[in-house]
Amino acid sequence: MAKYLTIFLVSMVPIIELRGAMVMAMAPGMDIPFPVALAICVIGNMLPVPFIYFFARKVLVWGSNKKYIGKFFTFCLEKGERAGQKLVKKTGRGGLFIALLLFVGIPLPGTGAWTGTLGASFLDMGFKSTVLSVSLGVVLAGLIMAAASTGVFAAFGF
């Protein structure tokens, strides 16, 4: 039971998220079946999404005029707004769903459910479409990380 709780909690941690938890789950000695590991990691990674969507931007706005954290929070707000406007120019409003899905799904540093959800809140994407897009991206990332962890890519010479 402890190994299931471990991968669940690790999948909720920013930066590590599902990507690290799937590697842990697929490691020798864990003996967690792939479908179970994927389900646990997806649920753990998605659990913070509503809180990020509804509150992270408000926390950044609140902290933007505070003495010690104001400059950093203002920087985050401005960077998020600029990046959102740039993405809308490139993809249009209709392409945001797929762009967010791919952003979250392709396991690169700095991409994931936390960053993707915060970005969606800056773009004023609806909650339902954000959750669906991020969920599909998290599943995609889980499949990619499981394949990488089990040597599937190595078998094809990648």
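**Entry 1: cysteines**

A disulfide is a pair of cysteine sulfur atoms within 2.5 Å. I started there, then remembered to note that this is a predicted model. By that rule I get a count of 0 disulfides.

Is C41 buried or exposed? C41 counts as buried, because its relative accessibility is 0% and the cut-off for buried is under 20%. C76 comes out as partly exposed, because its relative accessibility is 21%.

**Entry 2: more on C41**

I looked up where C41 belongs, and it is in helix α3. Which residues does C41 contact once its neighbours within four places in sequence are left aside? My list for C41 reads I7, S11, L18, A21 and M22. I also checked C41 against E17: they are 24 residues apart in sequence, and their C-alpha atoms are 8.2 Å apart in space.

**Entry 3: the core**

Next I went for the largest nonpolar core, which has 28 residues. I wrote down the ones with the most contacts inside it: I7, L18, M22, V134 and V138.

Skipping neighbours within four places in sequence, I7 is in contact with A21, M24, A25, M30, I32, A37, I40 and C41. So C41 turns up on the I7 list, and I7 turns up on the C41 list, if we ignore close sequence neighbours.

**Entry 4: K3 and D31**

I moved on to K3, which is found in helix α1. I put K3 down as partly exposed, because its relative accessible area is 28%. What does K3 touch, not counting residues up to four places away in sequence? K3 touches M30, D31 and I32. K3 and D31 are 28 residues apart in sequence, yet 9.2 Å apart in space, C-alpha to C-alpha.

D31 then got its own note. I found D31 in the loop between α2 and α3. Its phi is near 50°, a positive value in a residue other than glycine. Buried or exposed, where does D31 fall? D31 is exposed, because its relative accessible area is 62% and the cut-off for exposed is over 50%.

**Entry 5: another positive phi**

D124 also has a positive phi, about 55°, although it is not a glycine. I located D124 in the loop between α7 and α8. I marked D124 as exposed, because its relative accessible area is 54%.

**Entry 6: the largest pocket**

How big is the volume of the largest pocket? I noted about 880 Å³. The pocket is lined by 32 residues, and F103, G110, T115, G116 and G119 lie nearest its centre. I then sorted the lining by helix: α4 (49-63), α5 (70-91), α6 and α7 each supply at least two residues. The most comes from α5, with 10 residues.

**Entry 7: G116**

G116 was on that list of residues nearest the pocket centre, which made me curious. I placed G116 in helix α7. G116 counts as buried, because its relative accessibility is 2%. Not counting residues up to four places away in sequence, G116 touches L100, F103 and V104. I also compared G116 with K3: they are 113 residues apart in sequence and 27 Å apart in space, C-alpha to C-alpha.

**Entry 8: S133**

S133 is buried, because its relative accessible area is 0%. Which residues does S133 touch, leaving out those up to four places away in sequence? S133 touches F97, L100 and L101. S133 and L100 are 33 residues apart in sequence and 6.3 Å apart in space, C-alpha to C-alpha.

**Entry 9: aromatic rings**

Last stop, the aromatics. How many aromatic pairs does the structure hold? I wrote down 4. I also noted one aromatic cluster, formed by Y53, F54 and F127.

Note on methods. Residues numbered from 1 in each chain as written. Predicted model: local features only at pLDDT ≥ 70, side-chain atom pairs only at ≥ 80, totals over all residues. Heavy atoms only, no water. Core = buried A, V, L, I, M, F, W, Y, C linked by side-chain atoms within 4.5 Å. Buried < 20%, exposed > 50% of the residue type's maximum accessible area, 1.4 Å probe, protein only. Contact = heavy atoms within 4.5 Å. Phe/Tyr/Trp six-rings, centres within 6.5 Å; stacked < 30°, edge-to-face > 60°. 1 Å grid on protein atoms, 1.4 Å probe; cavity = no way out; pocket = protein on both sides within 12 Å on 5 of 7 lines; lining within 4 Å. Points joined across faces, edges and corners; volume = space filled by probe spheres on them. Helix = DSSP H or I, 4+ residues; strand = E, 2+ residues; numbered from the N terminus.
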